[in-house]
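Please keep the sequence and the structure in view while reading.

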Amino acid sequence: MSVIAVYNIKGGVGKTATSVNLAYFSAQHHGKTLLLDMDPQGSASFYFRIRPPKKFGAKKLLKGGRHIEENIKGTDYPGLDMLPADFSYRNIDLALDECRKSHKRLSKVLAPLQEEYDRIILDCPPNLTLLSENIFYAADCILAPVIPTTLSLLSLEQLFAFLDEIGQDPDKVVLFFSMVEKRKKMHAEMMRSLRERNRVLQTVIPYSADIERMGVYRQPVAAALPASAAAAAYESLWHEIRDLLAI
Amino acid sequence: MTVHPGADTWLLPDSLSVEGLLAALAAEFGLESAPEYGATVVYADSFDWRLYQQGCLLHSHGTCWTLYHGDSGEVTVQQGGPELQASCRARDFPPGGLRELLEPVLGIRCLLPLATVHLSGRQVRLLNKDDKTVARIVVESQQPAGSERPHRLVRLFGVRGYGRDQENVRRILAEAGVAEVASPLIGFTEGCRAMGRSPLDYSPKFALELDGGETAREAMARIYLTLLDTINRNIPGVLADYDPEFLHDLRVAVRRTRSGLSLVKQVLPGPVSDRFSRVFSRLGAFTGPTRDLDVYLLAQESCLGRLPPSLRPGLQEFFAGMARRRQIEQKKLVRALRAKKTRAALNAWQQTLKRRDRQPAPLAGMPVRDLAGRIVLKRFKRVVRDGHALDAATPDAEVHRLRIQCKKLRYAMEFFGSLYPRHELQTLVRHLKQLQDILGNFNDLSVQQEMLRLTLKTLPAGSRRTLDQAAALGGLLQSLFQEQQELRAHFTEAFAQFGDEETTALFHELFGKRQESA
């Protein structure tokens, strides 16, 4: 069992596309997978055509148990379920604050789900909050998509500083390059320098119109366009992560 | 197998066409139909249903094999493999996922073709207004070979979190006249039936429910008939030489019968007992040589592993010779088994058991419960007596004798097991089994060494090849002897566990008490 959090402080780096496609490949490779949409915008839920459940929200999520189990929905793909997001997640920090041991709450909520699912993938909102702390505590791996730009570098430094502050192992973080444009010289240069770090994956997810159009066809790119370069890139990313985490 | 919670299966009534059903569903759902499929598949399993016991079904379509979960129909693995003729083994499959799954389950048992069924149908996804899949429907026609009409099935697979939609599907199906619940494996089971088989209809384990009020004669007849059935059912597999387990199971049933005849005296008339003791002794004798060679050949891998690589070619040569000898012995076995004399003797045994004895034996009318405890306890006392004399220096022949005593005790416990509380009996059997395992391994090592010594004696002098063989056999002897010595060191402790006060008390409590109360 493993919990993978797809996370970056910056928005618009391809987190949701990564979560959705990795979850798809995880289920394809014989692992019962749960995708948790933690982002109040609910983009991952939208991609799977799953509407936010009624009578469900941040407080129910944190209660866990049957409150979660009753709201898990099957996707169109065998072996892949998801817990759709609710708009009330935007206030989740307030709800967390009321919990005891507030930084471990999510981990506790996920524990019973780990019996049913081989893998849990978290699609995380872009910020550094009490929820993020919960996510880092619960995750075995923090998978961070990085657009090779200077601003991304800055947000990475912030991430590692935060992990240090809350006493989490920086080795949980695994980086890969996302939305890479071959013709941009800066992308190539940034990638070269960043590769000197530890735990940077080989696979590069290119900037792709096929991925952007996921909102139109509302399926993982590999389901809608199995022969596309984007689908191949995500599959290769999945294999690399699987090997790295030995799952 | 339990029914998968997500899947419901019904028969499609004759009055309803697939198009009619889909039209009814289309009134409330969007439909997305996958392409139609159709293939004639041959289901395969081992004779003792090893895959089915694991909840798996395996079928081949030409050289394309599919292993799937019997309840949910979920495909575990699909892969190329051998074309299924009369039989095939796990090792006939190319390396890969399927072989890795089959090998541990099948072991040395081969796959035999079971039902041949023509499957055709399609999967339809039912979509809500967001075009989200909320349920799946599979309409499938299953037609076993030789049957006139296909079984037309509808299966509903729910999607988690869309219970209300599934209820709607159920309602639509019911309104369309789909009401008769069916097994999703109906084609498979009907196809098996056409071949005279039904799932789990054979197990090498002896399991017979006795009724404590039965007379000893009635109970023993049922025990012997069960064993005779096992013998008869294994004969075709032995003749065809599909895998070594057929002969093994047959011989175990023969041995059990012989044990019964020698343990349970004065229940069948003396002359009957004597006559059939001879019949089964002969059966045991002429099936022996092939089985012995099977045992050696099965040990080939482990024997090779005992030798340094330089000595292995000599041993391979030795095993090749053994395989040739086995072929000859198998031919003799087939001839003896097919012989009229054998068939007639087995038929006579059946008739004798079913017929009333003209002069019933003294204990024939005794309640089996009273007889059973006495026999088991007597065997137990014998094992304990001989077992106490066991130590690291006991000669091989005496160890062998104790092993046979244990076997007799075990068979007696199996014959009458159903008369006793299950849990306690299992505890005793477990303790006995531990002892038997050690004695069995010891005896195997002893017999193998004896055979090697014999082979060495008869090896012709001279050539390089015989030198290589002799060296290999010498190396093997050394290794077997060493292991045997190591086992000796465990004798006392193995027996101590079996012969301790607790086990003894339990034996007496279980098998002695009823005798007193009777």
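Leu452(B) is buried, with a relative accessible area of 2%, where buried means under 20% relative accessible area with a 1.4 Å probe, protein chains only. This is a predicted model, in which local features need pLDDT of at least 70 and side-chain atom pairs count only at pLDDT 80 or more, while totals for chains, interfaces and linings use all residues. Residues are numbered from 1 along each chain as its sequence is written, chains are lettered from A in the order in which they are written, and side-chain values use heavy atoms, with hydrogens and water left out.

**Around Leu452(B)**
- Leu452(B) lies in helix α14 (residues 422–458) of chain B, a helix being a DSSP run (H or I) of at least four residues, numbered from the N terminus.
- Leaving aside neighbours within four places in sequence, Leu452(B) is in contact (heavy atoms within 4.5 Å) with Phe318(B), Leu473(B), Leu476(B), Leu477(B) and Leu480(B).
- The C-alpha atoms of Leu452(B) and Gly474(B) are separated by 8.3 Å, although the two residues are 22 residues apart along the chain.

**Between chain B and chain A**
- On the chain B side, 13 residues are in contact with 16 residues of chain A.
- Five salt bridges are found across the interface of chain B and chain A, each being a side-chain nitrogen of Lys or Arg within 4 Å of a carboxyl oxygen of Asp or Glu.
- Arg125(B) forms a salt bridge with Asp76(A), and their closest N and O atoms are 3.2 Å apart.

Key:
Helices (H or I, at least four residues) and strands (E, at least two) are DSSP runs, numbered from the N terminus. Buried means under 20% relative accessible area, exposed over 50%, partly exposed in between (1.4 Å probe, protein chains only).
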